[in-house]
Amino acid sequence: MLDPGKPAFTPKKGKTSVVMFVGLQGSGKTTTCTKYAYYHQKKGWKPALVCADTFRAGAFDQLKQNATKAKIPFYGSYMESDPVKIAVEGVERFKKENCDLVIVDTSGRHKQEAALFEEMRQVSEATKPDLVIFVMDSSIGQAAFDQAQAFKQSVAVGAVIVTKMDGHAKGGGALSAVAATKSPVIFIGTGEHMDEFEVFDVKPFVSRLLGMGDWSGFMDKIHEVVPMDQQPELLQKLSEGNFTLRIMYEQFQNILKMGPIGQVFSMLPGFSAELMPKGREKESQAKIKRYMTMMDSMTNEELDSSNPKLMNESRMMRIARGSGRHIREVMEMMEEYKRLAKIWSKMKGLKIPKKGEMSALSRNMNAQHMSKVLPPQMLKQIGGMGGLQNLMKQMGSTKDMMGMFGGGGDK
């Protein structure tokens, strides 16, 4: 579904390639241009930025600021109002300077309007870009198909970058954009910062889209962080679905080792929003440490029981006293435990893949669920529910898929 059947043009190091960015205003196009340049710069390329957006006040300032911060050469003008002229001059200048990647930022508008497409077409004709990248805000949902199609009809869109994938937007629009432009998604923007920019990988994206979390990423993290001798036991516990306070304690220990804490949690279905609100990772870490102090005051019986009823008021009072915390905090921790236990129980019967056997997991998609997530035009294009089920079968045995998530056989 996310494979348009042909790869995007890939610029080659040492040879000048011109890449033109198009998209509506507010899609994060200018920031994405810099991220794209910065990504290639880190890999040893010599990129340069050209601001051919003369429509939006402050566009050149923004590009200039971003480029200066990332130490990337840039070109633009406060005086010249003709975007075509600026684009041509910028491209020529950087070709002479032997830059191997010249990125042209074009004007966006609030909506698809004739003037925008005419300007884009002219800039494209004048600079003859090797690749046109359509930048799309992931949260626009159903409008994505029409928007992407309108751009494709004006310029030869060859690739898509989906931005703002850090929030709750699931990015179903990305599927629409691929369908409408017949071009692959090549990167996704996951935040404001320069390095919050990832090469697009279909499997984790689709599983996140389906609300299953990025299982393969999570499993890789487990393989990376959890000591080898503890892995089989942890994965066994995962598949049994019994969640004790001791397991929670061990997971908290692992989480504190797992690098950017929010990223790890965003991979797990249901974990991220409550326990790890974005931008509040430090507070979340402090909270986890507080919980662990309280659990240090528990008995083995309490830690190993999966029955929350065991934790009566007198036990909670004892734990609060022993850890120097308020009973209210112990109750709050028990609520968190119940919430996580509920999520954990959904993993019951999960077939745990060995390292390197991720494809089975990432293929595991329930066709019913998928049909709700897909934009209607996309579903229609692949032949409705029947076409979708066939597609699922091609991606792997449906029984296998459903069984893994407790769906119990073909639907």
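Helices (H or I, at least four residues) and strands (E, at least two) are DSSP runs, numbered from the N terminus. What you're looking at is a predicted model, where local features need pLDDT of at least 70 and side-chain atom pairs count only at pLDDT 80 or more, while totals for chains, interfaces and linings use all residues. Residues are numbered from 1 along each chain as its sequence is written, and side-chain values use heavy atoms, with hydrogens and water left out.

**The annotated stretch**

- UniProt, in an unreviewed entry, puts the feature "domain: SRP54-type proteins GTP-binding" at residues 184–197; such annotations may be inferred rather than shown by experiment.
- Across residues 184–197 the chain is 43% strand and 0% helix, and its end C-alpha atoms sit 16 Å apart.

- Two packed helices are described by the angle between their axes and the distance between the axes.
- Axes here are lines fitted to C-alpha atoms, for helices over the stretch in contact, with angles running from 0 to 180 degrees between N-to-C directions.
- Helix α1 (residues 29–42) packs with helix α2 (residues 59–69) at about 25°, their axes being 10 Å apart.
- That makes α1 roughly parallel to α2 (angles under 35 degrees count as roughly parallel, over 145 as roughly antiparallel, 65 to 115 as roughly perpendicular and the rest as oblique).
- The contact (heavy atoms within 4.5 Å) is made by Thr30, Thr31 and Thr34 from α1, plus Ala59, Gln62, Leu63, Asn66 and Ala67 from α2.
- Sorted by class, those residues are five polar, three nonpolar and no charged (Ala, Val, Leu, Ile, Met, Phe, Trp, Tyr, Cys and Pro count as nonpolar, Asp, Glu, Lys and Arg as charged, and the others, Gly among them, as polar).

**Helices α3 and α4**

- Helix α3 (residues 83–96) meets α4 at an angle of about 30°, with axes 9 Å apart.
- So α3 is roughly parallel to α4.
- On the α3 side, the contact is made by Pro83, Val84, Ala87, Val88 and Val91; on the α4 side, by Glu119, Gln122, Val123, Ala126 and Thr127.
- By class, this contact of α3 with α4 has seven nonpolar, two polar and one charged residues.

**Helices α4 and α5**

- The axes of α4 (residues 114–127) and α5 (residues 144–154) come within 9 Å and cross at roughly 45°.
- α4 and α5 are therefore oblique to each other.
- Leu116, Phe117, Met120 and Arg121 of α4 make the contact with Ala150, Phe151 and Ser154 of α5.
- The contact of α4 with α5 counts five nonpolar, one polar and one charged residues.

**Around Ser297**

- Ser297 is in the loop between α13 (281–295) and α14 (300–304).
- Leaving out residues up to four places away in sequence, Ser297 touches Arg318, Ile319, Gly322 and Ser323.
- A polar atom of the Ser297 side chain lies 3.4 Å from the backbone nitrogen of Ser323.

Technical notes. A polar contact is a pair of N or O atoms within 3.5 Å; within protein, one must be able to donate a hydrogen and the other to accept it, and residues adjacent in sequence count only if both atoms are side-chain atoms.
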